[in-house]
Amino acid sequence: MSPFLDLPPLTAADFAAIEDQVAALLHTTADVIVTQGEALLPLEAAIRGAAHPGSTALNIVTGPYGQTFGNWLRDCGATVVDLAVPFDSAVTPEQVAQALRENPAIDFVSLVHAEAATGNTNPVAGIAAVVREHGALLMLDAVASVAAEPLLTDAWGVDLCVIGGQKAMGGPAGVSAVSVSDRAWERIAANPAAPRRSYLSLLDWKERWTDAGRTVLPHAPAQLEMLALGACLDRIDADGLPVVIARHRAASAATRAGVRALAALTPFVPEDAHAAPVATTLRTPDGLPATALTAELLRLDPTLPVQPGGGALATTMLRLNHYGPAASPATVRGFLTALATVTGTDAGPALAAAEAAWADVRA
């Protein structure tokens with residue numbers, strides 16, 4: 001008997017129960033579709049379902065995923081207005097409001113909540129209020145923020161909220177989900193270019209699964225990933241969502257305080273209010289490429305969740321992923337100790353500053 005192979009079938013009732021757990025996590029009464037793939041699947045499905053020739057989209061770019069969304073929107077034939085801000089900052093509701101005033105035809109807005117790749121986060125509640133007042137549909141990439149920051153899908157007026165299990169939820173990467181408001185369903189149903197008979201079709205799921213009473217699965221589910229998703233949702237319920245969120249906030253605050261005490265590197269995102277709780281990104285000094293620094297840190301401690309930045313940031317940005325199980329004092333201490341060794345600095349003040357910051361957030 002294999003624990004990975006010889007499993008009882010995952011029933012439609014089991015699948016529906018996991019969807020309901022996701023809905024509770026997102027604080028939504030909207031339909032939730034659990035998709036059988038990494039979170040890029042529902043992100044692309046949401047855009048291709050809602051965008052079409054003749055539509056105008058505001059694409060907010062605060063990191064690399066915003067750039068990807070803009071490409072998909074253009075592929076759909078939409079007119080795209082990019083609102084780009086430096087990757088070490090956040091967009092403001094005022095900037096979004098100005099873009100909407102200047103482009104009154106905008107009927108769709110795409111936004112990333114937290115950008116783990118760059119370590120910044122955006123004020124969704126204020127942005128969503130501006131978007132709703134304008135009357136546009138809002139799609140939110142909450143893959144990195146879910147379980148690390150408050151995510152009030154219905155209260156904020158998010159129409160399409162996409163999550164993945166592999167970051168703060170501490171779950172699997174091979175399964176994801178999207179909540180779809182009634183307004184979003186109306187928009188997708190009215191779009192003649194929306195995918196049908198396709199893995200990217202949200203309408204197929206709605207008609208064959210949600211509207212059919214969730215009694216017969218339309219295809220064989222990814223059983224191991226679904227079981228893992230259910231398990232991580234159970235663990236969040238057992239710990240309590242506020243506790244999980246506080247743990248991520250503490251990891252971010254402790255890392256940033258420790259790094260500032262070391263004074264060898266500086267936070268890539270300078271303002272604490274703009275820093276995502278799932279990852280801390282650091283600027284590396286001249287002469288110390290992030291790729292080389294990462295290699296040295298991993299040589300000292302192969303368990304550290306560190307990596308260089310992506311693309312053009314590969315030489316200048318170091319990233320510590322403190323999400324899921326890595327949102328812990330041990331991760332922060334291990335990183336600061338290794339960083340002090342590599343940079344030839346005293347770890348004592350950094351560890352003390354990190355401990356104080358962790359205690360302050362968890363108090």
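Over how many bridges do strand β11 and strand β13 pair, and in which sense? In this predicted model, β11 (residues 279-283) and β13 (residues 317-321) are joined by five bridges, and their pairing is antiparallel. Within this pair, L282 is placed opposite L318 of β13.

The two strands belong to an open sheet of four strands, arranged in the order β10-β11-β13-β12 with antiparallel pairing.

Helix α10, formed by residues 241-262, lies across β10, β11 and β13, and runs at about 20° to β11. Helix α11, comprising residues 290-300, packs on the sheet and touches β12 and β13. The direction of α11 makes about 160° with that of β12.

A further helix, α8, was examined for burial. Of the nine residues in α8 (residues 202-210), seven are buried, so the helix is largely enclosed by the rest of the structure. A residue is counted as buried if its relative accessible area is under 20%. The buried residues are L202, L203, D204, W205, K206, W209 and T210. Their packing partners are the helices α1 (12-25), α2 (40-50) and α7 (182-189), together with the strands β1 (31-35) and β9 (176-180). L203 is itself among the buried residues of α8.

How values were computed: Residues are numbered from 1 along each chain as its sequence is written. This is a predicted model: local features need pLDDT of at least 70, side-chain atom pairs count only at pLDDT 80 or more; totals for chains, interfaces and linings use all residues. Side-chain values use heavy atoms; hydrogens and water are left out. Two strands pair if DSSP finds at least two bridges between them. Contact means heavy atoms within 4.5 Å. Axes are lines fitted to C-alpha atoms, for helices over the stretch in contact, and angles run from 0 to 180 degrees between N-to-C directions. Buried means under 20% relative accessible area, exposed over 50%, partly exposed in between (1.4 Å probe, protein chains only).
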